Amino acid sequence: MPESLGLDWVRPKHTPKPLEGERRRERRVPSDHPGILQVLKPFSPDIWPTQIIETSRGGLKLLVPEFLPQGTIVQVHLKTTIAIGEVRHCTQIDDGFHIGVKLAEAVER
């Protein structure tokens with residue numbers, strides 16, 4: 001993955017095809033990069049540290065400290081990129097919550 005964490009990293013141009021039997025349209029690529037998350041709708045001025053767990057061409061799997069309901073619109077700040085998307089699911093784990101975010105837009109800063 002590029003050191004800059006630019007758009008090619010957030011939305012890889014060539015993601016591997018899903019494994020046989022996988023229901024997802026795109027294969028996930030493991031990741032381990034920090035970011036900052038802000039809830040845009042419903043708006044919150046709070047920002048949370050987040051960890052990017054997986055990426056795909058159309059989405060992100062993030063580790064966040066609090067529950068976020070399906071349909072929440074979030075903004076994720078990465079090293080050189082800002083991504084906006086919708087929370088599709090949220091699952092509690094031992095050290096927080098995993099959320100799946102369907103990307104709507106990603107732009108380099």
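Me: Why is Phe97 called buried?

Reply: This is a predicted model, in which local features need pLDDT of at least 70, side-chain atom pairs count only at pLDDT 80 or more, and totals for chains, interfaces and linings use all residues. Residues are numbered from 1 along each chain as its sequence is written, and side-chain values use heavy atoms, with hydrogens and water left out. Buried means under 20% relative accessible area, exposed over 50%, and partly exposed in between (1.4 Å probe, protein chains only). Phe97 has a relative accessible area of 13%, so Phe97 is buried.

Me: What makes Phe67 partly exposed?

Reply: The relative accessibility of Phe67 is 47%, so Phe67 falls in the partly exposed range.

Me: Why is the pair of Phe67 and Phe97 called edge-to-face?

Reply: Rings of Phe, Tyr and Trp (its six-membered ring) pair if their centres lie within 6.5 Å; planes under 30 degrees apart count as stacked, over 60 as edge-to-face and the rest as tilted. The count is 1 aromatic pair. The ring centres of Phe67 and Phe97 are 6.0 Å apart and the planes stand at 75°, so the pair is edge-to-face.

Me: How do you know that Gln75 is buried?

Reply: Gln75 has 16% relative accessibility, so Gln75 counts as buried.

Me: What joins the side chains of Gln75 and His77?

Reply: A polar contact of 3.0 Å joins them. The term requires a pair of N or O atoms within 3.5 Å; within protein, one must be able to donate a hydrogen and the other to accept it, and residues adjacent in sequence count only if both atoms are side-chain atoms.
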